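Biologist: Please show me the structure, and then we can go through it with a few questions.

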Amino acid sequence: MSERTGTVRRLLRHPLGLVSAVVLAAIVLAVLLAPVLSPQDPNASSLRDAFGGPSAGHPLGFDSAGRDILTRLLYGGRNTLGGAVIALAVALLLGVPSGLLAGYYGGWFDSAANWVVNLVMALPAMVVLLASRAILGSTVWVLMVVLGFLVAPAFFRLVRGIVASVRNELYVDAAKVSGLRDPRIVARHVLLVVRAPIIIQVALVSGIAIGLQAGLEFLGVGSGDTPTWGAMLNEAFKNIQRAPSLMLWPGLALGLTSGALVLLAAALRDALEDRGTAPAGRRSRRRARTAAPAAPAAPAAPAAPRSADAGTPRTGTPRSADGTSPEAGERAELLSVRDLAVSYVLPGGGTREVVHGVDLDVRAGEIVGLVGESGSGKTQTAFSILGILPEGGRVCRGSVTVGGEEIVGMPERRHRALRGDVVAYVPQEPMSNLDPAFTVGSQLVEPMRHKLRISRAEAVRRALDLLDQVEIADPRRVFGSYPHEISGGMAQRVLIAGAMSCDPRLLVADEPTTALDVVVQAEVLGLLRRLQKERGLGVLLVTHNLGVVADLCDRVAVMREGRIVETGTAEQVLHAPRHPYTQKLLGAVLDGVPARGPWQPSNAEVV
Amino acid sequence: MLSFIARRTAAGAVLLFVISLLSYLLLSIPDVDVGRQLLGQGASQDLVDARNAALGLDRPVLAQYLDWLAHAVRGDFGTSWFSGENVTRAIANRLPVTLSLMVGVTLVTAVLSFLLGVWAGVRRGAIDRFVQVFAVVGYALPGFLVTLVIVLVFAVHLRWFPAIGYVGLTESFTGWLSTVTLPVAALSIGSVAGVSQQVRGSVIDVMRQDYVRTLRARGLPPWRIVFRHVLRNASAPALAVLGMQFVSMLGGAVLVEQIFGLPGIGSMTVNYTTRGDIPVIMALVMFSVIGVIVINLIVDILIGWLNPKARIA
């Protein structure tokens, strides 16, 4: 319950939420107190006063029949809002229980209910309401029941959707296992989840119901003299040439009420989303990747000196003897990163640094592993090199040269020219990195035509050749397939083919095998190694898997909390780790996992 | 593809049949003595009975329905009880008016919402805030209230356009344009608000997808990524919303045609339905539902074309 009061408080702190809540409350109160606020009869008319302006006791003046506008506005609100409440009640009564049943149990009831809902939604509400008047007479209250029936699908669909997705959640399973009966589970767990969306939907549907109700009244469907906002607008519209100002007050009342309802719904949604960001949702993984490196800001402070003393003294140690250590000062021609720092703009303003001064070199024909746990800044470093940092992120310090050219501060257009044909990228998740709307072939052909300025036929030929090179058995079939028609391993091969398509010199591979199963992993790694050898590529391999490092990499850089804590040849780092973090990483990963995994046979077959 | 259309058409036919049966039965509940209403209180009972028999109203409701159905499937919706008009012809005369509105609104909505939505979703910032405010306002205000304000400003005050009346497209193009502009504008505001919001949302979603990053990493220029890849992936949900807008557009047309005095299907609905003129009501309901079914079919085919995963073999 405290969670709920929290939401209410957040809602009231939201400026729009507060204003619309106050406006709504004022309107409802005024309408309820109509007899007190205005003791006149809403139908009392004196033709002498017709179109009369404001006067004492009649602050809003008179309408075309000489009736007091304020009085009619207040009583009209009763009918208009009352009608909407009836429609809403009917819609809730029909929509929510049926949605719960259909979502929770599925089966024939679900199918039947969906069929009915689709039928109702195919009916234009206004036509049905007008036709209903022929059957049910001109009593507006009865028509509002029909309206409730027509808007019930809004609740049914909402509730059914949420319940169906919640039904299979673990905590519902747990409740089932622990012997709770269905009605209790629904009451305790499921209703809790649908409550907030229903409240938002109530605000939206009330707005729609009020609009439709007023529309009906405006068409003159209502019964004679009953004052409603719609009927008042109708009367004003008839006199639009003579007294257009008559439209002002009922129009304002109607507009304010509907507007306040929609804004309230929007504010409610914001307030609930505010609350929803705290616990990890489904999208938290992506958010974690950009925001999480920022999280250990506090613990990073004590870690910093440690990594510094573990990192810098090594300059003089045997590590530099092999001449590969970046600290030696000379910069590799292919890729050289010095003191790279990446920062993100925070939602509340200000920035947060997530990569703090990384040094890294990759030479032609060399595979360098960038190792570290998730959130250590590996991917941010890789994205900086490619110039594809997500929104809000930027390189705030340091230097990155690719093929001898400085890319920090380089205009986007020139940097774009380097991507694809100097430096290429192999992503982590094969499936989500192919555009689902285009065939595999067209996704290979498009960048080649653009970057290499070759003809379509030539690009197609090259694409088929590439698919063959990445060991795809039936290149023609895969060329014409959509991404959802091929397997994950196949998709990763396609992405590797795409990366190779413009003959890059440097490949940045971000966990290229993490999303694949073991056998396929081995095949893809073998493929990467073969291509690297054949083409003399420099590769920056981002990974958390030390087994992969042991097999592929010439050199390794170990990254933690945005810093490189250890670099050296793969052999040195894996056999004689210096930094405690590397030791911990090795201890955690290599226990019981064969460094040369089951992929050796396929590797042999490849080479 | 063909079998998909065939299946959907069959499902649509079933839907039409069920709706027609229910409507006919429901409409027959109030026991209206049509003959008496037509001939007045002074007419003798014999004359009234004869009139009712001539209209076929002396038979059981189900027999009346089957008779109606047998004619309706051949496109003959009978004659209006009260005006004696041929219903099919009356609707055919009024259809161009309503179609002008619908086609106009759909075009305006599609073009404007995609422009605004893509612009807002890609650029963010000020234009994004504008689109969002516009969406809330456009959604919040009841359509006919917006229409009234438009009439007040552009027809009554500024006198740029006529407040009332319709000129056929075949008579005079400029005349048609001037009578149709305000109604189309009035109907478009709500649907542009709804659809542009959807386009904006899905553009933002798609821009965050991994494959967009990978396309950037391949060195493709941003405009090419937006117009080829983002737009295509963001269109499917937007089209679905556009399809749903069509249903509420039918209701909006009723009010807008009434306000602007347009002789379309919408104003016909107001004038005939309230009197319980079953042949006319039935025809109107059938036409609306057919419209909805056809639009949904078109939307589904387009979505399938845009999104291969949703494509039906």
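**Two chains and their contacts**

Modeller: In this predicted model, 66 residues of chain A are in contact with 62 residues of chain B.

Biologist: How much area do chain A and chain B bury between them?

Modeller: Of the buried area, 69% is on carbon and sulfur atoms. In chain A, I135(A), F438(A) and E446(A) lose the most area to chain B, and together they make up 10% of what that side buries. The total that the two chains bury between them is about 5,900 Å².

Biologist: Which residue of chain B meets E446(A) in a salt bridge?

Modeller: Between chain A and chain B there are 2 salt bridges. A salt bridge needs a side-chain nitrogen of Lys or Arg within 4 Å of a carboxyl oxygen of Asp or Glu. The pair that includes E446(A) has an N to O distance of 2.7 Å, and the partner is R224(B).

Biologist: How many residue pairs are in polar contact between chain A and chain B?

Modeller: The count takes in pairs with both residues at pLDDT 80 or more. On the side of chain A that touches chain B, there are 39 nonpolar, 16 polar and 11 charged residues. The number of residue pairs in polar contact is 10.

Biologist: What percentage of the residues of chain A count as buried?

Modeller: Chain A has 24 helices and 10 strands. The chain exposes about 26,300 Å², with 59% of that supplied by carbon and sulfur atoms. Of its 607 residues, the buried share is 53%.

Biologist: Is T98(B) buried or exposed?

Modeller: T98(B) belongs to helix 5 of chain B, which covers residues 87–123. Buried means under 20% relative accessible area. The value for T98(B) is 8%, so this residue is buried.

Biologist: With which side chain does the side chain of T98(B) make a polar contact?

Modeller: Leaving out residues up to four places away in sequence, T98(B) touches E257(B), G264(B), I265(B) and G266(B). The polar contact has a distance of 2.9 Å. The side chain in question is that of E257(B).

Biologist: Why does P183(B) count as buried?

Modeller: P183(B) sits in helix 8 of chain B, residues 173–207. Apart from residues up to four places away in sequence, P183(B) touches L101(B), V256(B), F260(B) and L262(B). P183(B) counts as buried because its relative accessibility is 0%.

Biologist: How far apart in space are P183(B) and I259(B)?

Modeller: In sequence, P183(B) and I259(B) are 76 residues apart. In space, taken from C-alpha to C-alpha, the distance is 8.9 Å.

Conventions: Residues are numbered from 1 along each chain as its sequence is written. Chains are lettered from A and ligands numbered from 1 in the order in which they are written. This is a predicted model: local features need pLDDT of at least 70, side-chain atom pairs count only at pLDDT 80 or more; totals for chains, interfaces and linings use all residues. Side-chain values use heavy atoms; hydrogens and water are left out. Helices (H or I, at least four residues) and strands (E, at least two) are DSSP runs, numbered from the N terminus. Buried means under 20% relative accessible area, exposed over 50%, partly exposed in between (1.4 Å probe, protein chains only). A polar contact is a pair of N or O atoms within 3.5 Å; within protein, one must be able to donate a hydrogen and the other to accept it, and residues adjacent in sequence count only if both atoms are side-chain atoms. Contact means heavy atoms within 4.5 Å. Buried area is the accessible area (1.4 Å probe) that two parts lose on being put together, summed over both. Ala, Val, Leu, Ile, Met, Phe, Trp, Tyr, Cys and Pro count as nonpolar, Asp, Glu, Lys and Arg as charged, and the others, Gly among them, as polar. Accessible areas come from the Shrake-Rupley method with a 1.4 Å probe; for residues, only the protein chains shown count as cover.
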